[in-house]
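Trainee: I would like to learn how to read a model of this kind. Please take it feature by feature.

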Amino acid sequence: MRTSLLTLTSWVLAVGAGLVCLFGVAGCAYLPGAAGDGFASAQVHTWQDADGDSQQDPDEAALAWVTIQMGYERSITDANGQGMVGVFKPGCAQRCWEGEVVSIQVPPGQRATTPTDLDLTGQENSYAFGFQQESGAPRLSFPGEPDWFHAFSNRGLDLTAFHYAGDAQRLTLTMNAPNSAVHSALYADIFDLALTLRKIGGVALESVEITGLPAGEVAVCQISTLEEWSGKLSAAEIVSRYCERAH
Amino acid sequence: MAITAADSQIADQMVQELVGIYHVAVVKDWGEQTGETGQVSWNGGEWSPDELRTLQKGIVDLATAMGGPDKFTRNLGGITINQVDIKYRGLASSRGVKFTTSAVSIDAWTVVHELSHVWDAKSGWRLSKALERYTGGRTNLLAMAFRKVRGQCDAEGRMPGCNRWGYFYGDIPPAGSDQNFNRKEDFAESVTAYVYPAMVQARVDRFKDGPYRELLYYADYTQTRRWAFVDGLIKGTIPVE
């Protein structure tokens, strides 16, 4: 008897699900002869919450270069504290933002005055994150929008994160190296590309450290000037010219 | 950012190359337009120079993976790509791809994914069915209903047969699985992962230390059945009925 009921219920559910799909309800759009894909994204604003009241006051400035994340994707806010991050949602027809979370990494020397993770509330909605300078912590500042950011993006290198590593004088950038069928094998080796920057006066690129190599191996690359990065070299050429693998 | 008059020469050249080499016709929505009063003005359209470059990159990358422009045009035929105001980020059929005009820019992953749908659609969706069979999967709405009634599904719908389509995927999906996963998406993601193996690794690494490790994580895409299927499909060693 119980089995019969289960079977009947299942048939009803199956037919119902089919009808739901057929009429494009509940995000399960049936597209005869086609395939549709969605996207979940968030616009992010990060600011210096000087008085720590979790509200952005008119005299409170933006906080630049904060790493933001959604799912597997990361991005950074720009010099105006503005950024966008999103994930591709294959097969999603509507309300693709549901269940997604946008989060930030708190820069060192700062504390969050708003939640660090926020559930998405709609497509392309805006989310604000406030930070207050911790007392006694050195203020980190970078003059203008760094040229290296454009240098990387112009060459198709996708800068996805901006971390502070070690002491306040060192920064680490994380990038996704774009790949093609030709270069994918090499890029797979160097997928985790960490650039170590040393602050000399303004911001100057000094060396690049590549992780993601076989266990025990580290590739260290010496890049003396920004021009070498902003040239027309591919990531593979950069590695072959400037990097040495060390055990 | 729309295409300016200064960009138009390069943009036009890219469009000509895409149609000439790859038989991909981008619907041009920029250029001079004449108003009712006869006044000529510039219409920037929906495409940006960056989006055109991204589109070109995706096409070239897929064509390279397939073995060159000739293979690409043989698999996809002549197609049309345009930007329209739709709720989808990308909508693919055998005729081509429509991308959204939303402020969210397209990326190379999305381009290759949508072109993979076109490839599948041109075959009458037989490629995705072949992938389903090759990987040991099946689609069964009734079995999905059974699973749900019996409480055998996870809340996120990531487990086989727990999505909206009753798709019981076999082996490990290319880039995760959710409520919307079905064999069409499986095929498109499998091809895209084949083109961008390093990029897809970042997408599955999130499952490495969680409850879905056994279902959704792999250390090397080239060792999966889906990679073998796409590789065989491209090299002609896997016939599709």
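Mentor: Some conventions come before the features. This is a predicted model, in which local features need pLDDT of at least 70 and side-chain atom pairs count only at pLDDT 80 or more, while totals for chains, interfaces and linings use all residues. Residues are numbered from 1 along each chain as its sequence is written, and chains are lettered from A and ligands numbered from 1 in the order in which they are written.

Trainee: What pLDDT does chain A average, and what does chain B average?

Mentor: pLDDT is the predictor's confidence in each residue, from 0 to 100. Chain B averages 93, with 99% of its residues scoring at least 70. Chain A averages 63, and 42% of its residues score at least 70. Where pLDDT is low, the predicted coordinates should not be read in detail. In chain A, pLDDT stays under 50 over residues 141-220, a stretch with 150 contacts beyond four places in sequence in the model; a contact means that two C-beta atoms, placed from the backbone, lie within 7 Å. Residues 222-233 of chain A are also below 50. For the model, ipTM is 0.91 and pTM is 0.76.

Trainee: Which residues of helix α5 of chain B are buried?

Mentor: A residue is buried if 20 or more other C-beta atoms lie within 10 Å of its own, exposed if 12 or fewer, and partly exposed in between, with C-beta atoms placed from the backbone. In α5 (residues 126-134) of chain B, the buried residues are B:Leu127, B:Ser128, B:Ala130, B:Leu131, B:Glu132 and B:Tyr134. They pack against α4, β7, α7 and α10 of chain B. After α5(B) comes B:Gly136, with a positive phi near 80 degrees.

Trainee: How is the packing of α7(B) with α10(B) described?

Mentor: Two packed helices are described by the angle between their axes and the distance between the axes. Here the angle is about 85 degrees and the axes are 9 Å apart. α7(B) is therefore roughly perpendicular to α10(B), a label given to angles of 65 to 115 degrees. B:Ser190, B:Val191 and B:Tyr194 of α7(B) meet B:Arg226, B:Trp227, B:Phe229, B:Val230 and B:Asp231 of α10(B).

Trainee: What domains does the assignment give for chain B?

Mentor: Domain bounds come from an automatic or database domain assignment. For chain B it gives domain 1 (8-31 + 46-122) and domain 2 (126-235). Their C-alpha centres lie 25 Å apart. Twelve residues of domain 1 of chain B are in contact with 13 residues of domain 2 of chain B. On the domain 1 side, α4(B) gives the most, seven residues.

Trainee: Why does A:Ala40 count as buried?

Mentor: A:Ala40 counts as buried because it has 27 C-beta neighbours inside 10 Å. The residue is found in strand β1 (residues 34-48) of chain A. Beyond four places in sequence, its contacts include A:Gly86, A:Trp97 and A:Leu120. Of the 247 residues in chain A, 31% are buried.

Technical notes
Helix = DSSP H or I, 4+ residues; strand = E, 2+ residues; numbered from the N terminus. Axes fitted to C-alpha atoms, helices over the stretch in contact; angles between N-to-C directions. Parallel < 35°, antiparallel > 145°, perpendicular 65-115°, else oblique.
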